Amino acid sequence: MPCPLCLHSGDTLYHVDRRREYHQCAQCHFVFVPPQWHLSAEEEKAEYDKHENTVDDPGYRRFLSRLSGPLLAHMSPASQCLEFGCGPGPALAAVLREHGHQVVCFDPNYFPDTRWQERQFDVITATEVIEHLADPHTELTRLWARLKPRGMLGLMSKLVLNAEAFTRWHYKNDPTHIGFFSRQSLAWLCGHLHADIEYLADDAYILHKKRLNVGS
Ligand SMILES: [Zn+2]
């Protein structure tokens, strides 16, 4: 099957555990679970309902602060934002609103209003989202098109280090996690989107849209 991120045909078996296979793209190094091991929409929703992050949970806010702190420092007053894949308790949206920004929340399960697709945003965030996407090529290209020139796409998702570390990696054990980025696959994505990447932490990074963007 073609790589769900770069669409290249040509992958190798990266890892097998008792539940699933993990393949790696030869071109962009994205590690992905083939579709036959993806959960149904109902099974996926049942998993999401289990771990509910509430808006006021201080631990979760601290976790998000690795992205929200640097992002807020970059943002102009009263920015227009989209929190994509916010889940049942949009905590990052709450933080951004407290700082005077306007935030639209979207989540296919919990906030399904799709009118954001007709708008442009200064900032789009997707925290603990991109590892759940069955079609990251289409979804990330579409999100990027909703970003204004000089806009920012703030992402949080843990990164693959190497095959040896992957075998012991708890992150792969969540059955809703089906795509695993690395610095190499993010480099491919930045080339595709004509983005500049800023790493904030091992699992938090911002893609910056250039002023004149031929890729949008
Ligand atoms: Zn690829």
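What volume does the largest pocket have? Here are some notes on this predicted model, starting with that point.

1. The largest pocket comes out at about 730 Å³. Its lining counts 32 residues, and those closest to the centre are Tyr48, Gly85, Glu128, Val129 and His132. By class, you will find 14 nonpolar, nine polar and nine charged residues there.

2. Three elements each supply at least two residues of that lining: helix H1 (41-50), strand E4 (80-84) and helix H4 (136-145). H1 gives the most, with three residues.

3. The second largest pocket has a volume of about 210 Å³. Among the residues lining this second pocket are Phe166, Trp169, Arg183, Asp202 and Asp203. The lining divides into six nonpolar and four charged residues, with no polar ones.

4. Now to the metal site. Cys3, Cys6, Cys25 and Cys28 coordinate the zinc ion through their SG atoms, at 2.3 Å. Along the chain, these donors follow the spacing C-x2-C-x18-C-x2-C. The arrangement is tetrahedral because the four donor atoms subtend angles of 102 to 115° around the zinc ion.

5. Four strands make an open, antiparallel sheet in the order E1-E2-E3-E8. Strands E1 (11-16) and E8 (179-180) stand at the edges with a single partner strand each, so one side of each lacks a neighbour in the sheet. E8 is joined to strand E3 (residues 31-32) by two bridges, and Val31 has Phe180 as its bridge partner in E8.

Technical notes:
Residues are numbered from 1 along each chain as its sequence is written. This is a predicted model: local features need pLDDT of at least 70, side-chain atom pairs count only at pLDDT 80 or more; totals for chains, interfaces and linings use all residues. Side-chain values use heavy atoms; hydrogens and water are left out. Donors are N, O and S atoms within 2.8 Å of the metal (3.2 Å for Na, K and Ca); water is not among the atoms, so sites may look incomplete. Four donors count as tetrahedral if all angles lie between 85 and 135 degrees; four count as square planar and six as octahedral if opposite donors are over 155 degrees apart and all others between 65 and 115; anything else is irregular. Two strands pair if DSSP finds at least two bridges between them. On a 1 Å grid over the protein atoms alone, a cavity is a set of points where a 1.4 Å probe fits but cannot get out, and a pocket is an open set with protein on both sides within 12 Å along at least five of seven lines; lining residues have an atom within 4 Å of a point. Grid points are joined across faces, edges and corners, and a volume is the space filled by probe spheres set on the points. Ala, Val, Leu, Ile, Met, Phe, Trp, Tyr, Cys and Pro count as nonpolar, Asp, Glu, Lys and Arg as charged, and the others, Gly among them, as polar.
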